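Please work through the exercises below with the sequence and the structure open beside you, and try each task before reading its solution.

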There are 2 protein chains.
Amino acid sequence: MNCIIAQSGGPTSVINASLSGAISAGIDFGFDRILLSLNGIEGILGGNFREVDKKKFKATKAKDRLMTRPSSILGSCRYKLADDLKDPSYEKIFNFLKSENISVFIYIGGNDSMDTVMKLNTYMEDNNIEGINIVGCPKTIDNDLNGMDHSPGFPSAAKYIGSTLRAIRADVDIYDLKSVTVVEIMGRHAGWLAASSLLANHKYPKELVNLVYVPEMDKSLDELMAEVKAKLDYENNLIIALAEGFRDRKGDLDKVTFSNAKDGFNHKVVSGVGQRLADYIRDRLGIKSRAVELSIIQRTSTNISLTDAKEAFSLGYRALKLGMDKTNLIPVLRRKNQDSYEVYYTEVKPSEIANKEMKIPKSWLKDYDTFSQKMISYALPLIKGEAEVHYEDGMPVFIELGEFIK
Amino acid sequence: MNCIIAQSGGPTSVINASLSGAISAGIDFGFDRILLSLNGIEGILGGNFREVDKKKFKATKAKDRLMTRPSSILGSCRYKLADDLKDPSYEKIFNFLKSENISVFIYIGGNDSMDTVMKLNTYMEDNNIEGINIVGCPKTIDNDLNGMDHSPGFPSAAKYIGSTLRAIRADVDIYDLKSVTVVEIMGRHAGWLAASSLLANHKYPKELVNLVYVPEMDKSLDELMAEVKAKLDYENNLIIALAEGFRDRKGDLDKVTFSNAKDGFNHKVVSGVGQRLADYIRDRLGIKSRAVELSIIQRTSTNISLTDAKEAFSLGYRALKLGMDKTNLIPVLRRKNQDSYEVYYTEVKPSEIANKEMKIPKSWLKDYDTFSQKMISYALPLIKGEAEVHYEDGMPVFIELGEFIK
């Protein structure tokens, strides 16, 4: 009984916690060989994989150390499986899985990866392939995965963003002059990450983050500027959290800002909207205005939510356990109730996740106070606890793949 | 016996540790009133100050909590005192100091602030003012202060930069394709911060940071590109650490990149060189190339070196103690020897620091290996230990000025 695990899509701070969970389940449930595909599905297509050395895994404490090793230790890919199931890549994948006697394949990834899980399961059904279960395990910092309370990886990104905005507030307040700081935060279609900046306001008598703009908002540039001006009446140093995918209603910022480059999944690559808004504000209001881009550190920070790391581990563990009996499923977590944070685990079909996006509810966006309250009460329980990163000589030390493979 | 303390220049992660040291000395040595000027010398010019409540300072554990409160809690300014000592601002300052019976004034800041300390002392000499001692306390993330082993604030920035580069390496390695990531790091004239990225390579068998460019280098864009190409022969995902102030010999990058904006001290404001270099590499080599700007988080990170925090505290403490007997001095720390990190404290005249810049020695820049070895052995002892940040509800909590003033 062998299994193979792969990681795909953009990295998160806890995607290796899910890997740790899946490997741990593989050991607990007596799998003979636990294989790790390199660079997602590409490793399976190209026969590029490694095998877990169970003794080394234990000896190096890999189970725990993977919990705080940011980014995908197995590598990733942006490979999109052909829509046409007659494409030769499908046969290649299943030939590989059969040749290695794989009975469970776990794909840890976001909605594009769940599209892969869905297609592979459809192919198995169409071709009466049995004895192989293909199960997904969710992750994304964007928090846009459907069918679950929140996406693993999001809480740690939210914790980093909230904490960083608190520090940025300490920084911008030092000069006695009017200023605007636009903080550009990841999120192309969903504004969950930008909204996480609101965590900075929790329990502070003063607003640390003054305005948040997310793609879910329908707002003209004039309306935005009116809000900026109104806040500047009583706030010297304005902080605006801006999702990279925010666009004003008429697209005035858009026209001059967004690049036309597209990634492998035909997503538009956006960047620079923060700088453009900062320039626009400086130009219109004649005050100091600058942009700060949080950049890729949002997804690789070692400022990891212990809650997130534990949940990601559990989902990886459950994915492998699920794969022993069933296929075409994804374990997810949901909130039992809103008042006290308690989760339960269940599973959904990949078709409920693939190519869909969970957005911030419209009702949250009624006004800034509602948005702030809703977002803080939603996100605060998720960022609880600090996963302990191991330091040596003053530097964080991350586990390497070589430490626990044959 | 009263004293006043002010902070100036750009913030650091431990500038409040120096404040904590100075206040603690003020309490230990029995000062009647310990005043805190807001926004540097501007607070003294405008009579805008607060008074430490010694009981509250103890009750709120402010001494310890200031150690991990990033950015200048007293605010800062970019006010440059006139060169002409007949300027009315001087009289205004001393009228204020006399009216509040100040016998010691501590100015925590960088080389521009030490220029202020120097001028005020010259004014006192010229005008036979006695009974007031004006002493500086050094800080800057840039590590360019003359006369000391390293500038307080630099170690924490270096720790953040080294750690972040290690995480960025984990991020860039996930895709199986050629790429270049240019990480733009603060430093206009001295490259210490960009060079700190080399800490990421410590004890790793593989280079995590492949190339570093600092303002101290004399290099043409062609030479730089030849180095990039040579590294790409054996490295898939190149990481280049680039000081914001790096300029190629002929200024080819400079012409299209640097803004002409100037700050209050007539320093040229530079930005965007990272993006420009990334664009240039993509254009010339036809590979994926992007820029990441570490931005202001370099100086406000809560990833604080315990060594730095303790040293900054000691310098603040010594500054106030020094001010009880002497004027026109700045406490500094120096390294006893290179092999084992041991420091001793001494003091220098502000004229040795003001308007001067300590740069990376030319001999370190002979080749990449030499640079790497020299920089790591210099910076590694400075980043030792992690100052513990207090978290509540998953968020870092910073002390507020209001908690320990009257």
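Predicted model: local features only at pLDDT ≥ 70, side-chain atom pairs only at ≥ 80, totals over all residues.

Residues are numbered from 1 along each chain as its sequence is written, chains are lettered from A in the order in which they are written, and side-chain values use heavy atoms, with hydrogens and water left out.

**Exercise 1.** Describe the contact between chain A and chain B.

*Solution.* Begin with the residues in contact (heavy atoms within 4.5 Å): chain A brings 55 and chain B brings 55. Next, take the buried area, which is the accessible area (1.4 Å probe) that two parts lose on being put together, summed over both; between chain A and chain B this is about 4100 Å², and carbon and sulfur atoms give 58% of that area. In chain A, the residues that lose the most area to chain B are A:Ile174, A:Tyr175 and A:Met395, together 16% of what that side buries. A:Asp393 forms a salt bridge with B:Lys203, and their closest N and O atoms are 3.5 Å apart.

**Exercise 2.** Find how much space lies in the largest cavity, and name residues that line this cavity.

*Solution.* A cavity is a set of points on a 1 Å grid over the protein atoms alone where a 1.4 Å probe fits but cannot get out, and its lining residues have an atom within 4 Å of a point. The structure holds 1 cavity of 30 Å³ or more, and about 70 Å³ of space lies in the largest cavity. Its lining includes A:Ile174 and A:Tyr175 from chain A, and B:Arg299 from chain B.

**Exercise 3.** Give the volume of the second largest pocket, and say which residues lie nearest its centre.

*Solution.* A pocket, unlike a cavity, is an open set of points with protein on both sides within 12 Å along at least five of seven lines. The volume, the space filled by probe spheres set on grid points joined across faces, edges and corners, is about 1300 Å³ for the second largest pocket. Of the 47 residues that line this pocket, A:Thr302, A:Ala387, A:Glu388, A:Val389 and A:Tyr391 lie nearest its centre.

Terms used:
Salt bridge = Lys/Arg side-chain N within 4 Å of Asp/Glu carboxyl O.
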